[in-house]
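Visitor: Hi! Could you walk me through this structure in plain words?
Guide: Happy to, let's look at it together.

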Amino acid sequence: MRLLIILSSLLLSPVTPFTTISRSSVLLNNSRRIISNSSVALSMSSSDASSSSSTPPPKKSPSASPLSIAILGGGISGLSCASQLLSRHKQQCYHQQQQQEAGAGGCCDYELEITLFDTGRLRPGGRCSSRFVGDKLPIVKNRSSGVTPVNNQSQQQQRRACDNAESFLQNDGTNDSSNELAEGGTPSNILKAIYSSNSSSDGDSMARVLNSMGPIDHAAQVISIPKLNGGDGGNNDDGMEEFQKQVEQWLASDVLEKFPTNSVCELLGGSGDDNSDNNSIIKLEPLHGNMYYGKGGMGNIPLTMRDYCLSFNGYGENYTGQSFRIAQDVWVSPSNGVRYIGGRSRSSSGNGDGEGDGEGEEGDGVPQWELRAGSKSLGKYHKLVIAHNGKCADRIMSKTPAKEFHSLLRTKFAPYVPEWGGREMTLNSIYSLVFAVKSDKGDDDDGSGGGTSSIAKAISNLCTSSSSNSHDDGVYTIMIKNEPTLRLLSCNTLKHHHRQNPNSQSNIQIYTLLSSPKFGKQFKGPQEALPLDLQEKVAMLMLSNLENSLGLQKGDVVNEVVDLKLQLWGAAVPINTWSSSSSTSSSSSSNGVDGFVYDANYGVGAAGDWILDPSIAGAWESGRRLADWILNHHEKKEDIEWSVGLPDFTNNGGKQKGKFVPSRVALESGIGTIPPSPNSTFKFPSNAEGGNQQERRQGGGRGGGRGRGRGRGSGRGGRGRGRGGGGRKNGQRASNGGERNSNRREMQQQKVG
């Protein structure tokens, strides 16, 4: 039925040179779908401008052997890597065809096959995701009946942690008008919203409000051009010229929209702002700089990138030597889903630990990697790209022979890093609370959703008293700097122009509220199944603290809430980045930083915002750079060292080549790179939390030695009092049982969107 619907929609759509029809849909484990070639290209990137539809397609060599590449991760970096691989290969084929016609060369040397695996339930995007009207509720595993929708029976088990709501829920929460407090002090409207958002009933709150108004950005909120190498954040930033071109192309194609002047502000003053001269004065100050957001939702950006990749799928005379498949809602097994099989024949299988017999033999066309989902094989590939991070990426590569590569994927979760950067990739955790408030329509309301809600009135009053009174388009996004538990408030209704019901006497406004990383760590829970009592506690704290930051009375916002959805963004934003500079790759990276990692011995690379800059721009640029390097390595036009960015201990006198450096902007904002604030109050942790901790981990300082860790490092130096994990040897991380246990819950794979 789904295939018929897709075929019907394509037949009714305007015909374009890149229209493709779905080849197949394969069910894996009853719920993991591989969907390939099922969309229509929406736009072309600037790098593919030369490949217009008027140019005849390049001819492939009949004997060309395909280069197959698997990309794990359907976020911005993975999609950018796929886009660049396909675009550059197609341009190369055209160039070679022109040489052939001139009698100076041959046709396309090899075919290119890209397969991208993404765990998103509905669509790719990773951190750049949105909820759209009509999105269906998630499907969970029921032991007795296989895969079933979330039902009341499964929720009964989750609700045991929220017994104080039982009396309200038994009455179906029909007494909305009184909004009386249930046992424990939580208003009934909040309890009803929490319970409804965790139910599959057709009449639940989620289906009535949040899922019916318009697009909602629940994760990434802002796109900007970061400053690299002291750039000015404009058109001449070293290393970001290509992303600047992409932004301009997205703007022209209505994929991006620029934030209006003064629509992004900082909220200062009040009792929570230590930098305020007068803590009683709350004020809004505009944040200057070019900032953008996805038109119709941030999730439209990865959808456009996906459809661009699908546009390379041609048939018959339109086949140009490239193919792209996206495997949506497919989970590569973390424990044994990636196996290195390099150096062996196609028919041989890997052993249990994923070790191969030696280096890959690309010249023989032998795949180097096999991917699996449980007992199902997902194919064998010549190259592998890791375009995601967190504990899943760590586990996926842990049993492969690419040890130095794997050492960079080890992850720590914390709200900050010391000034020296830390020893490993560090991600923060953030709560995302999407909530809807209802307000009566004011006499001067134009139906756009401004209304007279408490939040809207508070922001309007602050705009009036702001040093810059020009807020003609309204305030879309607020960086909260006067409340330590919160970081951002964004109005989806204003950004995405949600339409109000003209027959209703009230307006609905939908906001996204992001917590601070410190708050996220303090109240961290199992993100795939947050207990209802934890949801209640976190939601009430965030809403109450928002009231405080805006100078409102207790209950002003809480009492207006008619719907909410709470999500823990467990592996949210990298707050340090891996920085390396290889002489062989610096020529393609004009800012002098590699921006990606590649192990040529095993044909595996990594891209992401944790390598270049913690932003959408950093992820996009990292994926582009890695794609260029992979094709350069495959073609081997130069005799150089092809491995890039590895922490090579053995060839560097025992010292690590490259290091993790802190991202000051991400540490302060908590949500990634935004234009720098003139009201910065960020300070790195004290020496007791930073430098001395580094000494303890390295076996230095007083007592030195092993601490309680079980590391393989050298030098005992006495027992010591620290909790250190010993030293390091040959790039192997010392094991620290306490830290390992504290991060065990992060092993769960994350589905955003």
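Visitor: Great. What should I know before reading it?
Guide: This is a predicted model, where local features need pLDDT of at least 70 and side-chain atom pairs count only at pLDDT 80 or more, while totals for chains, interfaces and linings use all residues. Residues are numbered from 1 along each chain as its sequence is written, and side-chain values use heavy atoms, with hydrogens and water left out.

Visitor: How many helices and strands does the protein have?
Guide: There are 18 helices and 28 strands. Helices (H or I, at least four residues) and strands (E, at least two) are DSSP runs, numbered from the N terminus.

Visitor: And what percentage of the residues is buried?
Guide: Of the 753 residues, 57% are buried. Buried means under 20% relative accessible area, exposed means over 50%, and partly exposed is in between (1.4 Å probe, protein chains only).

Visitor: What about contacts between residues 24 or more positions apart?
Guide: Such pairs account for 72% of the contacts in the protein with a separation of 6 or more. Contact means heavy atoms within 4.5 Å.

Visitor: Okay, helices now. At what angle do α5 and α14 pack?
Guide: Helix α5 (residues 188–197) and helix α14 (residues 532–549) pack at about 130°, and their axes are 10 Å apart. Axes are lines fitted to C-alpha atoms, for helices over the stretch in contact, and angles run from 0 to 180 degrees between N-to-C directions.

Visitor: So what do we call that orientation of α5 and α14?
Guide: The two are oblique to each other. Angles under 35 degrees count as roughly parallel, over 145 as roughly antiparallel, 65 to 115 as roughly perpendicular and the rest as oblique.

Visitor: Is the crossing of α5 and α14 left-handed or right-handed?
Guide: α5 passes α14 in a right-handed crossing. A crossing is right-handed if the near helix is turned clockwise from the far one by less than a right angle, and left-handed if anticlockwise.

Visitor: Which residues meet there?
Guide: From α5 come I190, L191 and I194, and they meet L532, Q535, E536, M540 and L543 in α14. By class, this contact of α5 with α14 has six nonpolar residues, one polar and one charged. Ala, Val, Leu, Ile, Met, Phe, Trp, Tyr, Cys and Pro count as nonpolar, Asp, Glu, Lys and Arg as charged, and the others, Gly among them, as polar.

Visitor: How do α7 and α15 pack?
Guide: α7 and helix α15 (residues 616–635) pack at an angle of about 115°, with axes 10 Å apart. That makes α7 and α15 roughly perpendicular to each other, and their crossing is right-handed. On the α7 side the contact uses E242, F243, Q246 and W250, and on the α15 side A617, W620, E621 and R624. The classes in the contact of α7 with α15 are four nonpolar, one polar and three charged residues.

Visitor: Switching topic: what is the phi of D254?
Guide: D254 has a positive phi of about 60°, although D254 is not a glycine. Most residues other than glycine have a negative phi. D254 sits in the loop between α7 (241–252) and β9 (256–258), and at 48% relative accessibility D254 counts as partly exposed.

Visitor: And D329, is that buried or exposed?
Guide: D329 is buried, with a relative accessible area of 4%. D329 also has a positive phi of about 60°, and lies in the loop between β13 (322–328) and β14 (338–340).
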